[in-house]
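Q: I am new to this structure. Please take me through a close look at a single part, then show me what lies around it in the rest of the chain.

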Amino acid sequence: MNYYLFVWNPLVWEWPNLEQAIEQINERGSYIEDWSCSAHRKVKPGDRAFLMKLGVAPKGIIGSAIIISDAVRTDGRRGEEKIVSRMRVKLDFDILLNPDVDPILPYDILNQGEFSKQNWLSQSSGISIRPNLVAELEALWFDFVSTQGLRNNPFTAQNEQHLYMEGASNQILVTKYERNIQARKRCLEHHGYSCMACKLNFRDRYGDVGKNYIHVHHKSQISKIGKSYSVNPLEDLVPVCPNCHAMIHQRQNPYTIEEVSQFLDRTTSDQMISS
C-alpha cells in the first residue's frame with residue numbers, strides 16, 4: 001500500500017454537498033468522489049489517501065480514504081460546476097470533516113519534526129507521502145479522530161443503524177477498526193500473530209513468507225454494541241487465521257473464538273477415535 005496526499009481548496013471548489021457526504025459516511029460508512037491525481041501513473045486501487053484542506057484557514061487534514069480505481073481522464077461537471085479535463089481517481093472516504101464545523105488535524109502539527117519534511121501545502125493533488133511517515137501519520141490521525149469529540153466519530157457507535165450498510169453482513173464500526181492500521185498494530189503488539197482459535201502461526205508454518213500475516217477479528221456481537229460503545233483494540237480485537245475467521249462468520253450471529261476452538265477440539269477428538 002502506498003500513501004498519497006490529495007488537496008482541497010474551497011477557493012477553487014466550494015464542495016456544496018460536503019455535509020451530505022459526511023452524513024452518507026455516517027449512515028453507510030462510505031462516500032465516493034472523483035479527485036484529480038498528479039501521480040496518476042503510479043497510483044493503484046487499494047492505495048491510501050489523505051485529504052488536505054488548503055486556501056483559507058484553517059488548513060489541515062480533513063479526511064482519509066482508499067483509492068478504488070485506476071486513474072482515468074475525466075471531463076464534464078461536478079454537480080453544477082464544470083470540471084477541467086484531468087486524470088482522476090475515485091476516492092472511497094471513510095472519514096470526512098467539515099472545517100467550518102469540526103476540528104481538523106491542523107497544519108501546525110504536521111509542520112513539526114519529521115512531518116515537516118513532507119510538502120503538506122502542495123498545489124498538486126495526489127502526491128506521494130514519504131514512506132517513513134505513514135505509520136506515524138496513521139497513528140496521529142487515529143488518535144486525533146478518536147479524541148476530539150467529533151459530531152460523527154467513526155469509532156463510536158452513536159446509533160445502531162449506523163453500523164450497517166446494505167444488511168447485517170457489513171458492520172461499519174467493526175470494519176473500520178479491523179482495517180485501521182493503528183488499531184490493528186495495537187492489537188497485534190498485545191496478542192501476537194498466532195490465531196486465537198487454532199493457534200496457527202503463519203511464520204512457524206511457512207517460514208519468513210508468513211511473517212506478520214494474520215487477520216484481525218472484532219469479538220463483540222453487533223447486538224451487544226450500544227449507543228455509548230467504543231472499541232478498545234486490546235480487548236475487542238483479536239488475531240485469527242483466515243480459516244477460523246471464515247468459520248466465525250458462518251452465521252449472522254458470529255461464533256465466538258471459544259466456540260470455534262471447541263469445534264476444532266471436537267473434530268480432533270473424533271479423528272483420534274475413528275483412527
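A: **Helix α3 and its surroundings**

Helix α3 covers residues 134-147, 14 residues in total. From its first C-alpha to its last it reaches 20 Å, close to the 20 Å expected at 1.5 Å a residue. Keep in mind that this is a predicted model.

Now the buried side of the story. The buried residues of α3 are Val134, Leu137, Glu138, Ala139, Trp141, Phe142, Phe144 and Val145. Glu138 is in that buried list, and so are Trp141 and Phe142. An α-helix has 3.6 residues a turn, so residues three or four places apart point the same way. That is the pattern to look for when you turn the helix in the viewer.

What comes next along the chain? Just after α3 sits Gly149, with a positive phi of about 60°.

Step back to the whole chain. It holds nine helices and ten strands. Of its 275 residues, 45% are buried. Take the contacts with a separation of 6 or more: residues 24 or more positions apart account for 68% of them. The chain exposes about 14,800 Å², and carbon and sulfur atoms supply 48% of that area.

Aromatic rings come next. The whole structure has 13 aromatic pairs. One of them joins Tyr3 and Phe50: the ring centres are 6.3 Å apart and the planes are at 15°, so the pair is stacked. Tyr3 belongs to strand β1 (residues 3-8) and Phe50 to strand β3 (residues 48-53), so this pair links distant parts of the chain, 47 residues apart. Both Tyr3 and Phe50 are buried.

Trp35 and Phe93 make another pair. Their ring centres are 6.2 Å apart and their planes are at 75°, so this pair is edge-to-face. Trp35 lies in strand β2 (residues 31-36) and Phe93 in strand β6 (residues 81-96), so the pair ties together parts that are 58 residues apart in sequence. Trp35 is buried, and Phe93 is buried too. The two also belong to a cluster: ring pairs link Trp8, Trp13, Trp15, Trp35 and Phe93.

A ring can also meet a charge. The charged end of Arg251 sits over the ring of Tyr255, 3.9 Å from the ring centre.

Finally, look at a group of histidines. His215 is in strand β9 (residues 215-218). Its relative accessibility is 28%, so His215 counts as partly exposed. Leaving out residues up to four places away in sequence, His215 touches Arg184, Val238, Pro239, Val240, Pro242 and His245. Val238 is 23 residues from His215 in sequence, and their C-alpha atoms are 8.4 Å apart in space.

His245 is the partner to follow. The side chains of His215 and His245 are joined by a polar contact of 3.1 Å. His245 is found in helix α8 (residues 242-248). At 13% relative accessibility, His245 is under the 20% cut-off, so it counts as buried. The side chain of His245 also makes a polar contact of 3.5 Å with the side chain of His217.

How values were computed
Residues numbered from 1 in each chain as written. Predicted model: local features only at pLDDT ≥ 70, side-chain atom pairs only at ≥ 80, totals over all residues. Heavy atoms only, no water. Helix = DSSP H or I, 4+ residues; strand = E, 2+ residues; numbered from the N terminus. Buried < 20%, exposed > 50% of the residue type's maximum accessible area, 1.4 Å probe, protein only. Contact = heavy atoms within 4.5 Å. Polar contact = N/O pair within 3.5 Å; in protein donor to acceptor, adjacent residues only side chain to side chain. Phe/Tyr/Trp six-rings, centres within 6.5 Å; stacked < 30°, edge-to-face > 60°. Lys NZ or Arg CZ within 6 Å of the ring centre and 35° of its normal. Expected span 1.5 Å × (residues − 1). Areas by Shrake-Rupley, 256 points an atom, 1.4 Å probe, with all protein chains shown as cover.
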